[in-house]
Amino acid sequence: MTVPHEDPDAIRARLAALRDGDLPTHGGRTLAYVYDSGIAEADALGREALASYGATNGLDPTAFPSLLAMERDLVAFAKPLFHAPGGAVGTVTSGGTESVLLAVQTARDAHPEIERPAMVVPSSIHAAFHKAAHYFGVERITVPVDAGTLRADAAAIGDALAAHAGRVVLVAASAPSYAHGVVDPIPEIAELASQHGVRFHVDACIGGWVLPWLERDGLVQHPWDFSVEGVTSISADLHKYAYTPKGVSLLLHGSPDLRRPQFFASADWPGYTMLNATLQSTKSGGPLAAAWAVVSYFGDAGYHALARTAYDGSRALVEGIDRIEHLALASQPDTTLVAIATDDTCDVFTISDAMLARGWFVQPQMAYAGIPATLHLTVSAATAPIVGDFLRALQESVDEAVAAGPIEVDPQLRAAAAAIDPATLDDAAFDGLLSLAGLAGGDAGAASSVTLPEQMAPVNALLDAAPSGLREAMLVAFLDRLTRSQ
Ligand SMILES: *Cc1c(COP(=O)(O)O)cnc(C)c1O
């Protein structure tokens, strides 16, 4: 059979050209979104496995027993790392968000008798929990973090548990938090959760493949995993510090009983009996096979070396940042994540643009609840050898930002933004706001009208000045237009 088709080499060239516009995934100069071990052989192996398993389907583990075997191997690898009890069970998911969604759904469905289920989380918890609360109708009770350390405040969590006794189905905390890289006081929170008979999820999405080895080197202050009585589930992303291709996270539960409500079955239709452990039904076996291959490649000793390299790199960064005038750490980081704040001679948004112009991506984080705006740095093993270059670029960028002075948002604009109720805005009003913010121009409402300006700093400064509800609404309007086809 011949099917009409285009020249595959031309398509390859187009794919390569499309990728040119993206942030680099390798080389250690992108300090968010991507994780680079710096080991080309491991990357090649992961890509091969991804490609060769791309068409397999994890929908039915009896049809593709290879996927079941690899999932069991990954869970078996993770259990001792997290001091999991012998009976602990796990699921491979598509990412941290799916692991978190399932942890919340499982906690909710373990208590069908609770009419208005709630969960208690520190304000530093990842927004994936906000999404889970929204999707699954679980009320989110957010407790401020300790203002000095930016760690969860265990006593305040205890108060929230007491105030909402009888309807809290889950407490969650981070090891460490994405925004500031601090590990929450897991033992204290676990004790409170136990007292109230509530499940406790430790979100180790970003720390899960680093902390076990730092712990072995005596670099972790407090226990954070299943070794703490009262921790009932843990999430850990393999597509972060396990350096596997995107699309893989682990969700572990302390026992089969704890996990049971995670499963979904439906025989109530004329097709096959649907039986799922995850949100996805048909799912590629590619990411799982890639993770299995890369985890097999590095093994315990490889990850020990990689975790230590990234950690030592982050210490060198911290020391260098301490020496740069006008910068300060937002918190004392516990692992491989660093958050940098500035004094009022400059702003993080201008620094971030100046870094990008020098070939480094650092992620701006907006001010929140009295916590200043920061630059987020995820340090991976490939960044460690070039920390010196990074610090030189950072010094230059700070000098440039100080010379430019901090971006001032017009106080009248700030006041106007504070007075807007996003729920009252229509599409035309959003078009106006987007163009005011520098995120659109020309023909309103059309996909071609949204643009990303060369300089993101003025846009970020304006969004930073907007109340969070307005910022969310404006960015949704932006994404909506960005994803309209021509
Ligand atoms: C990355 C992350 C998540 C969400 O994971 P995705 O893989 O982006 O879906 C959740 N919690 C923490 C702490 C994270 O770092």
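Me: Is glutamate 400 buried, partly exposed or exposed?

Reply: Let's start with the general idea: buried means under 20% relative accessible area, exposed means over 50%, and partly exposed lies in between (1.4 Å probe, protein chains only). Glutamate 400 has a relative accessible area of 40%, so it is partly exposed. Keep in mind that this is a predicted model, where local features need pLDDT of at least 70, side-chain atom pairs count only at pLDDT 80 or more, and totals for chains, interfaces and linings use all residues. Residues are numbered from 1 along each chain as its sequence is written, and side-chain values use heavy atoms, with hydrogens and water left out.

Me: Thanks! Which residue forms a salt bridge with glutamate 400?

Reply: A salt bridge here is a side-chain nitrogen of Lys or Arg within 4 Å of a carboxyl oxygen of Asp or Glu. For glutamate 400 the partner is arginine 358, with the closest N and O atoms 2.8 Å apart. Glutamate 400 sits in helix 12 (residues 387–404) and arginine 358 in the loop between helix 11 (348–357) and strand 12 (363–365), so the pair ties together parts that are 42 residues apart in sequence. Helices (H or I, at least four residues) and strands (E, at least two) are DSSP runs, numbered from the N terminus. Arginine 358, at 25% relative accessibility, is partly exposed.

Me: How many salt bridges does the rule give?

Reply: The count comes to 19. Another of them joins arginine 308 to aspartate 217, with 2.9 Å between the closest N and O atoms. Arginine 308 belongs to helix 10 (residues 286–322), while aspartate 217 is in the loop between helix 8 (211–216) and strand 6 (233–237), so this pair links parts 91 residues apart in sequence. Arginine 308 is partly exposed at 29% relative accessibility, and aspartate 217 is partly exposed at 27%.

Me: Which residues are linked in a network of salt bridges?

Reply: Asp427, Asp431, Asp480, Arg481 and Arg484 are. Within it, the side chains of arginine 481 and aspartate 480 meet at 3.7 Å, N to O. Arginine 481 is buried at 1% relative accessibility, whereas aspartate 480 is partly exposed at 31%.

Me: And which residues form a nonpolar patch on the surface?

Reply: Patches are made of residues with over 30% relative accessible area and no salt bridge; like charges are joined within 9 Å, nonpolar side chains (Val, Leu, Ile, Met, Phe, Trp, Tyr) within 5 Å. Here the patch is Ile11, Leu15 and Leu18, with about 300 Å² of accessible area together, computed by the Shrake-Rupley method with a 1.4 Å probe, where for residues only the protein chains shown count as cover. Leucine 15 lies in helix 1 (residues 8–19) and is exposed, at 52% relative accessible area.
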